[in-house]
Structure formats: C-alpha cells, structure tokens
Amino acid sequence: MEKLTYARLKEIGYDGFLLEKAPEKVLQFGEGNFLRAFVDYWFDMSNEKAGWNGKCVLVQPIAPGLAKLINDQEGLYTLYLRGSENGEKVDRKRVISSVSRCLNPYEKADYDAMMEVAVSDELEYIVSNTTEAGIVYDPACQMADTPAASFPGKLTQVLHTRWKAGKSGLVVLSCELIDNNGKELLKCVNQYIDQWGLEADFRAYVNEKCTFCSTLVDRIVPGRIRDAAEVAKLEEANGYHDELIDVGEVFGVWNIEGPDWLADQLPFKKAGLNCIVVPDVTPYKKRKVRILNGAHTGFVLGAYLGGFNIVRDCMFDDAVKGFMNKMLYEEVIPTLPLDKADLENFAAAVQDRFNNPFVDHELMSISLNSTSKWRARNMPSFLEYIDMKGELPKCLTMSFAAYIAFFSNDIQELNDKGLVCRRPKGDTYTCSDDRWVLEFYYAHRNDSVEDLVHAVMTNEQMWGQDLTKVAGFEAATVENLKKIRTEGAVAAYASCL
C-alpha cells in the first residue's frame, strides 16, 4: 500500500482539510507523539478555523528520532482523537498538515537549516516538549557545538543567531511537565549567556524582546496503536500506509502564562480552541492536580479493593462514581480559587475522560507511589476544606482510610518487587511505593486498627506533620478502616453518599 503523501491523498479523493504550502511560523523542539497530538493539532485547527496559514518545522531534540519518517510523508500523519464526550463514544480521524518538515540538527545540513529558520522573518514561535529532563543546564555544552547537546543550549544558539541577524523577538511556549517550565527554560538560557560570555545586548534581547511562557498542557496521548490487526484495518479504510499514526484523547486544554496581547496574537482563541492566556498558570495547575489527579488517588485504592481493575468500569458503579463526584463537587471544588462554573465543567470532563472506551487504565498503575500522591493531591484539599468548613470532609476522610486499607490488607510478604497484599476476593497484589513506606507497613502488619491508624497518622515523614492533631480525624479513620474491612470498600464509599 502506498504511503501517506499529498499526492496519495489526492489520488484517493481525501476531502478533509489540508494545507500543503504555508510560511514556517513555528520552530518546534520535539517530534514525539504528544506534540503531534497536541500542539501540531492546535496549529492545524487554527489553519482551518482561523485562517492562520502557518507551518511547524520540527526539530529532533536528540540524535535518534523521527525526521526521516516525517519527511518521507511530507509532514503528514493521521491523528485519532478518541474518548467520551457527554457520555457518548467519540472516535475522530484527522490528517494533520500543519507540519512542513523535520530536522535532525546532528547532521550538518539540518543544523544549518535550523539556523536558516531561526533568522526567518516568518518565524513567530518556538515550542518545546523535550521531556522533564530536557530543561536542564549542562555546563559541558559549548557555543561552538553544532549543536549543543542540551535543549536550552540549542535554544541559546538559535536565539543568538536570530539576534545577530537583527530579527524580532520570539514567543517561547514550553510544554515540558515541570513547574514554571518557561521560567526554568529562561533561567537555563541565561546560564549559557553567562558561561559563554555572550553580549549584554543579547541578554537584553532574550529577557526583554523574547517572551518565555510557562504553560500547562493537558491531554492523555497513548500514541501508537499497538494492535497490528487494527492498524491494518484502519489503513485499508484510509487507502494509505502511515508510519506515524498518533492517538490522543478527545479532551485537551492548554493554559498559557503570558501578557494580555498574546491572547490575540495566538490563533487559538479565534479558532475556538480550549486555550486561555492568563497572568499565572498556578491556579490551573492546582485545578488539574486536585481534581483530575486527586480524583484518581481519592477513589482508585478503595475501588481496587472492591474488585475493580480499570478506571472505566468504576464509572458504571453508582457508589464509586457517586463517591468520586461528591468528593470533587462538594469537597475539592469549594477549596479552589477559580470560577465555580469553570471548575465544575473541568470536573464533568474528568468523568468523561475516566469513561474513555478506548483506554484500559489499570487501577494498579495509578496506585504507584500513593503515599506521596495522597499528600500532594488530596491532603491540601482535605486541610483547606476543614479550615473553610470547620468539619471533616466525608469522602476525603474515607479516601485516607482506603489508602491505609490498600497498603495493609492481609499482608503476605515484602519482597524485591514490593509489598504483597491480598484482596478480599482472594487474589494477591503488589504495592509499589518508596521502600521505607513499604517497610513501615510490613513492620505494622500485625497492628490493631487503632494502632495502625495512629502509627500512620503520626508518621511525619509521610505527611510532613502529625495528622492526629486534626480534630476528629483519627477516630473517623479508625471507624472508616473498620467499615472497609468488614463491609467492603464499595459499601464504605456508599456510606458517604
């Protein structure tokens, strides 16, 4: 079967949106599944819905990469957005045509091509997602390297070349999953300016003429379809062979921290996309951590003890789903500093995302490192609710008992893989967490409920404080843990409703 190209699409009469030629307005560091299912999709939609008329030049951040595959397909690839919207199954296909080419800067010709893009009058944006390890300052990098090994080093080289050519400043949109990603990237660039002894005027250009934005990205991207039979069936229906098929969930949101003028310069608002430019992305990160991630950690441990294995199935159980929703709407949302309607819409989308019919998200994979997760995701909502209401939040209090139950249910052994426990229905499971956490629970495996709860709550290494000082919390946790052990976790969740 012929591979995906513009000529092939014309041959088969493809009638979807395509933009074959346009100015290269984006230099994108990263060519992986996430950026192609998120950023390049957003620019593709902007071409169709907002007449943006732009292309993205991709750059491999490391030497092995997808440049040859991308260029062989003229930048084209098929994106499937799959999931649930308003309870309805969604499976959308789109051929993405916002990518012009991909460069491998470790080859001399492509390095030179990257610098040609850098000095282009058409260039407006630099986008990156070079993984969490990508935004690091590596003092081994030198200005004369072609290219510098680190992404911030490459970016410094690109910006210096552009500055020397007398070109305007750029907007830098960092998508790496670290806090303050844009600020951290700018910090690294300034370190290279110092190390390499670059000009004071260049420093002013970087810090005053360029706009480094911290951003918060949110879309689950499973990436490649691994079932060969499904791929073959899709390609037969499409009429072409695609080495770069990408898959993401339907939901997507991009929060960008930047100046007011950026909202109008970016094409996303005009295209009707779920992107807002705000002075500070911190509240939106808090929204994601406490609602999306907090929901996971808040209900999955008890749900697993109750016999469930994947997230989607939990959304069809009235007790588990009701418990999650009450926790989110009545206990978490009131503690957050954003508009209530915005928060409730985000929470409603969470239920759709958890009900994704295309993703079998295993509860055990979510259970990894649940101690630090409950502390980071759930404890702030728990404590702020008490400060606000003067009483314990029923569901968050129960979720803490479910956390203890998960790590202490009929402990069998502690081995190299983790702490082996047994579910009420008889099968064993292995808890994965920091070794000292697992050793703590193994050491307390024969404790009474009262002694175990007290030991957990007074372990300040776990929680950063003594939780027995929260009025009524210890007694409530003892009662809840006994209920989980005697009546089952699902019944315990139902008692909160």
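**Serine 367 and its surroundings**

Leaving out residues up to four places away in sequence, I find serine 367 touching Leu301, Phe406 and Ser432. I'm working from a predicted model here.

Next I checked where serine 367 sits: it is in the loop between α15 (363–366) and α16. Buried or exposed, I wondered about serine 367? Its relative accessibility is 3%, and buried means under 20%, so serine 367 counts as buried.

I also looked at leucine 301, which is 66 residues from serine 367 along the chain. Their C-alpha atoms are 6.7 Å apart. Then I followed the side chain of serine 367, and it reaches the backbone oxygen of methionine 364 at 2.7 Å.

**The α16 and α17 pair**

On to the helices. I noted α16 as residues 370–389 and α17 as residues 394–406. How do α16 and α17 pack, at what angle and how far apart are their axes? I get an angle of about 165 degrees, with the axes 11 Å apart. Angles over 145 degrees count as roughly antiparallel, so that is what I wrote down for α16 and α17. The crossing of α16 past α17 is left-handed.

Then I listed who makes the contact. From α16 it is Ser370, Thr371, Trp374, Asn378, Ser381 and Phe382. From α17 I have Leu396, Thr397, Ser399, Phe400 and Tyr403. Sorting the α16–α17 contact by class, I get 5 nonpolar and 6 polar residues, with no charged ones.

Notes
Residues are numbered from 1 along each chain as its sequence is written. This is a predicted model: local features need pLDDT of at least 70, side-chain atom pairs count only at pLDDT 80 or more; totals for chains, interfaces and linings use all residues. Side-chain values use heavy atoms; hydrogens and water are left out. Axes are lines fitted to C-alpha atoms, for helices over the stretch in contact, and angles run from 0 to 180 degrees between N-to-C directions. Helices (H or I, at least four residues) and strands (E, at least two) are DSSP runs, numbered from the N terminus. Angles under 35 degrees count as roughly parallel, over 145 as roughly antiparallel, 65 to 115 as roughly perpendicular and the rest as oblique. A crossing is left-handed if the near helix is turned anticlockwise from the far one by less than a right angle, and right-handed if clockwise. Contact means heavy atoms within 4.5 Å. Ala, Val, Leu, Ile, Met, Phe, Trp, Tyr, Cys and Pro count as nonpolar, Asp, Glu, Lys and Arg as charged, and the others, Gly among them, as polar. Buried means under 20% relative accessible area, exposed over 50%, partly exposed in between (1.4 Å probe, protein chains only). A polar contact is a pair of N or O atoms within 3.5 Å; within protein, one must be able to donate a hydrogen and the other to accept it, and residues adjacent in sequence count only if both atoms are side-chain atoms.
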